Amino acid sequence: NLLSLHFEDFSTGVDSTTSKSLRRSFLESSVAGVMGVFTGGIVLTGYAIALGANEFIFGLLTAIPAAANLFQIQASRVLERSGERRRLVLRFATAHRLMWIVIALVPFLPLGRWEQYRIWIFLIVFSIAGLLGLFSGVPFLSWLIDLVPQNIRGRFFAIRTFMGGTVGILLGIGAGKFIDFWKAADIGGEVVSFSILMIIGAGFGLWSVSILSKLHHPRFTKPKTVGPFLHALREPFQNESYRRLFVFRVLTDLAGGVAAPFFGLYMLTSARLGFTFIATLATVSTLVNLLTLPTWGKLCDRYGYKPVIAICIGGKALFTVLWLFTSPETIWLFVLIHVLGAFDAGLGIAIPNLIYKTVPQERRSLYIAVDGSVVGIAATVAPLLGGILAGVVQHLDVSLGAIHIDHLKLIFLLSTLLRVITFPFLRRVTEPKAARPVDVIRVLLPFRDIDIFEGFQQMVQLFLAPVRYIRDRVSLEKEDSELDQE
């Protein structure tokens, strides 16, 4: 019902051609989400293990996509030089999907004495696929931004993300069941199950390209001149408005990235929580994130992106502060913390769209590419800095009243301080016609006579749903444990 309300809202003030394309793009997101599940996550991990990947290879699998982002600027320059945005999207996207069929067939190549290099062949093809996806993704994002009217852009990207994410949750479980079934049935080698899923995923990927080809393509204005590479890299930073936004973006990624790798480690080691409970918490966080996306999108469209970012940064600061009070006994506090994943949804919608809104339209693809390349470096460096600091203070053990601080909680405290530091830099960012954060908070506070898109009541219900889910799961596990003891 929530999605249908949003679909109807898109029809207001939008011409029929654009409205039809927006609806098709939601289908494309769902279909592409199938490919994402069947070519990533547990499927890609299991496939790599089946090929004999070690820790170093897994490090490369993580590093390759990050390194590929550095080519975003070059992809933008290819777009600006050719001006053939639609053709670039369809050609590179098709090649990217076909490359995954090649990846799926790597285990069956007759390599003979080159057998030992099979894993490296996979990495090479995987890298090529990543570059092809990047060179289609940059022009497609430019296409999508031009297609979606500014006044509904927040809601559009919220629902698009919701559609793809929901498919990911549902089919991720199904992929795991299929792999377990294949392994138990002993039909063939385990690697065959991964290859089957990858080929199916590639098929859905080609279907998504077919849907893309039917989307309306707004006229793309090709820049009159495209300067040298270094000039393209410097150009966004000569724009004062973007420089302010860039500094804020870097600090935000540092604040989040410095602690991100250690929440799971803390729950497993210091808090000594079970794998089932941690997996349930992760599911709750994802569900809350997805279910609150439409509400954040509506707030962004009505009040602006900047106030939503301010509210969500405050929420994420509260998120890291609460970790300081956790212990093996504070089970319900862990539940509350993961419910605050809703603020990640708000940041995920508001920050990218603030960039799309504030950068010059004629050079939008360049600005987005530079942002993705340079700011991405901060996101890569932050976990490394956190890891180094955690290693230096690994023997820290301090008690401050009811709060016990170890080396991981010190990282959480640092993340909180960095998030607070971002507020002055956010104030310097300019967004035309944006409301103040206090104006949005006033809308969120009332609990009576609230419109689903203006109030907090819907969001509160979304928060309570996963809490009830956790309560039921804990009760069931407790009953099972008592039965086992009997």
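Which residues of helix α3 (residues 41-50) are buried? Select that helix in the predicted model; its buried residues are Val-43, Leu-44, Gly-46, Tyr-47 and Ala-48. Just after α3, proceed to Gly-52, which adopts a positive phi of about 95°.

**The whole chain**

Of its 486 residues, 47% are buried. Among contacts with a separation of 6 or more, 82% involve residues 24 or more positions apart. The chain exposes about 23000 Å², and carbon and sulfur atoms account for 64% of that area.

**The nonpolar cores**

Select Tyr-266, Met-267, Trp-296, Ile-309, Trp-323, Phe-334 and Phe-412. These residues have the most contacts inside the largest nonpolar core, which comprises 91 residues. Helix α13 (residues 275-303) supplies the largest share of this core, namely 11 residues. Apart from it lies another core, of 33 residues, including Leu-51, Trp-100, Phe-126 and Ala-175. As a general background, nonpolar side chains tend to be buried together in soluble globular proteins.

**Salt bridges**

- Arg-160 and Glu-28: their side chains meet at 2.8 Å, N to O. The pair links distant parts of the chain, with Arg-160 in helix α8 (residues 153-185) and Glu-28 in helix α2 (residues 16-38), 132 residues apart. Both Arg-160 and Glu-28 are buried.
- Arg-249 and Asp-253: the closest N and O atoms of this salt bridge are 3.7 Å apart. Because the two residues are four residues apart in helix α11 (residues 240-257), about one helical turn separates them. Arg-249 is buried, and so is Asp-253.
- Asp-344 and Lys-316: here the closest N and O atoms of the salt bridge are 3.1 Å apart. Asp-344 belongs to helix α16 (residues 342-358) and Lys-316 to helix α14 (residues 305-323), so the pair ties together parts that are 28 residues apart in sequence. Asp-344 is partly exposed, with a relative accessible area of 31%, whereas Lys-316 is buried at 4%.

Which loop contains Arg-272? Select the segment between α12 (262-268) and α13, where Arg-272 lies. The phi of Arg-272 is near 55°, a positive value in a residue other than glycine. Most residues other than glycine have a negative phi. Arg-272 is exposed, at 61% relative accessibility.

Lys-433 is not a glycine, yet its phi is positive, at about 60°. Is this residue, Lys-433, buried or exposed? With 87% relative accessibility, Lys-433 counts as exposed.

**A surface patch and the residue Gln-72**

Select Leu-70, Phe-71, Ile-377, Val-381, Leu-385, Ile-388 and Val-392, and show their surface. Together these residues form a nonpolar patch with about 650 Å² of accessible area. Leu-70 is situated in the loop between α4 (55-68) and α5 (72-82). With a relative accessible area of 47%, Leu-70 is partly exposed.

Continue to Gln-72, which lies in helix α5. Gln-72 counts as buried, at 11% relative accessibility. Leaving aside residues up to four places away in sequence, Gln-72 touches Leu-134, Val-138, Ile-368, Ala-369, Gly-372 and Ser-373.

**Strand β1**

Conclude at Asp-397, located in strand β1 (residues 397-400). At 55% relative accessibility, Asp-397 is exposed. To finish, draw the distance from the C-alpha atom of Asp-397 to that of Leu-410: the two atoms are separated by 9.9 Å, while the residues are 13 apart along the chain.

Technical notes
Residues numbered from 1 in each chain as written. Predicted model: local features only at pLDDT ≥ 70, side-chain atom pairs only at ≥ 80, totals over all residues. Heavy atoms only, no water. Core = buried A, V, L, I, M, F, W, Y, C linked by side-chain atoms within 4.5 Å. Buried < 20%, exposed > 50% of the residue type's maximum accessible area, 1.4 Å probe, protein only. Contact = heavy atoms within 4.5 Å. Areas by Shrake-Rupley, 256 points an atom, 1.4 Å probe, with all protein chains shown as cover. Patch = residues over 30% accessible without salt bridge, like charges linked within 9 Å, V, L, I, M, F, W, Y side chains within 5 Å. Salt bridge = Lys/Arg side-chain N within 4 Å of Asp/Glu carboxyl O.
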